[in-house]
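This briefing concerns the chain shown below.

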Amino acid sequence: MSSILSIGTARDVTPDLVDALYIEAMLLAEEAREHFSNANIDAIAEAFLAPVRKVELSCESLKVTTRLMHAIAWLLNRKAYFAGELTERQLRNHSRMLGRANESEPDVIATLDPQSRYLVHASQELFDRLKRLEERQANISQTADDDGLPIGMAQASPVREMQEKLRQSLTL
């Protein structure tokens with residue numbers, strides 16, 4: 001197995017990049033867990049927010065957590081791929097994609113305390129980076145065959161031509 005993720009971006013997603021992003025996601029998740037603990041939310045709400053805003057803060061903490069959990073799962077799948085625990089086909093499975101996470105409302109974010117705003121923005125930025133990586137991988141894999149070769153090169157291969165002739169003769 002190559003040391004570079006061959007689906008999609010071929011040279012963009014490396015084990016080192018995945019490790020760095022994983023560490024970033026885990027540190028951010030720990031920060032969010034500590035910050036959005038029930039006791040801390042109560043203190044923030046009392047100090048900074050009107051009672052109705054406490055619900056919005058809780059919703060934002062759930063959005064942050066959702067984005068980070070999707071990011072961590074996505075990164076763990078890539079780590080498993082690089083460790084040889086997943087095949088490329090398994091990694092391409094829809095269930096291993098990044099998943100959907102709701103974006104935060106700018107007017108709600110504006111009412112939050114500075115640390116909550118930081119966590120909302122940081123989690124969204126990380127999630128957006130991973131989404132862009134995933135989209136690039138999907139775009140490139142649509143232009144490549146199962147072996148990662150650009151579509152069109154497959155027809156130039158004498159072996160592939162012979163396989164296609166054999167397949168056609170067997171289907172007649």
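A nonpolar core is a set of buried Ala, Val, Leu, Ile, Met, Phe, Trp, Tyr and Cys residues joined through side-chain atoms within 4.5 Å. The model described here is predicted. Its chain contains eight helices and zero strands, and the largest nonpolar core comprises 31 residues.

**Overall organisation**

- Along the sequence, the secondary structure follows the pattern α-α-α-α-α-α-α-α.
- The chain has 172 residues, of which 34% are buried.
- Of the contacts between residues at least 6 apart in sequence, 72% connect residues at least 24 apart.
- The accessible surface of the chain amounts to about 10600 Å², and carbon and sulfur atoms account for 57% of that area.

**The largest nonpolar core**

- Within the core of 31 residues, Leu68, Leu75 and Leu130 have the most contacts.
- Two or more residues of this core come from each of H1, helix H3 (51–82) and helix H6 (114–141).
- The greatest contribution is that of H3, which supplies ten residues.
- In soluble globular proteins, nonpolar side chains tend to be buried together.
- Leu75, one of the residues with the most contacts inside the core, touches Val18, Leu21, Tyr22, Ala25 and Leu130 when residues up to four places away in sequence are not counted.

**Ala25 and Met26 in helix H1**

- Ala25 lies in helix H1, which spans residues 15–35, and Met26 is also placed in helix H1.
- Ala25 counts as buried because its relative accessibility is 0%, under the 20% limit for that class.
- Met26 has a relative accessible area of 35% and is therefore partly exposed, as this value falls between the limits of 20% and 50%.
- Beyond its neighbours within four places in sequence, Ala25 is in contact with Leu68, Ile72, Leu75 and Leu126.
- The C-alpha atoms of Ala25 and Ala122 are 9.5 Å apart in space, although the two residues are separated by 97 residues in sequence.
- For Met26 and Met69, the C-alpha to C-alpha distance is 9.2 Å and the separation in sequence is 43 residues.

**Aromatic residues**

- One aromatic pair is found in a search of the whole structure.
- This pair consists of Tyr81 and Phe82, with ring centres 5.5 Å apart and planes at 65°, so the arrangement is edge-to-face; the class requires an angle over 60 degrees.
- Tyr81 has a relative accessible area of 3% and is therefore buried.
- At Tyr22, the charged end of Lys79 sits over the ring, 4.9 Å from the ring centre.
- Tyr22 is also among the residues that Leu75 touches.

**Confidence of the prediction**

- The mean pLDDT of the chain is 80, and 73% of the residues score at least 70.
- Among the elements of the chain, H1 has the highest mean pLDDT, 96, whereas helix H7 (residues 153–156) has the lowest, 43.
- Over residues 149–156 the pLDDT is below 50, and this stretch has twelve contacts in the model beyond near neighbours in sequence.
- Residues 1–10 likewise have pLDDT under 50, and the model gives this stretch 32 contacts beyond four places in sequence.
- Where pLDDT is low, the predicted coordinates should not be read in detail.

Notes
Residues numbered from 1 in each chain as written. Heavy atoms only, no water. Helix = DSSP H or I, 4+ residues; strand = E, 2+ residues; numbered from the N terminus. Buried < 20%, exposed > 50% of the residue type's maximum accessible area, 1.4 Å probe, protein only. Contact = heavy atoms within 4.5 Å. Areas by Shrake-Rupley, 256 points an atom, 1.4 Å probe, with all protein chains shown as cover. Phe/Tyr/Trp six-rings, centres within 6.5 Å; stacked < 30°, edge-to-face > 60°. Lys NZ or Arg CZ within 6 Å of the ring centre and 35° of its normal. pLDDT = per-residue confidence, 0-100.
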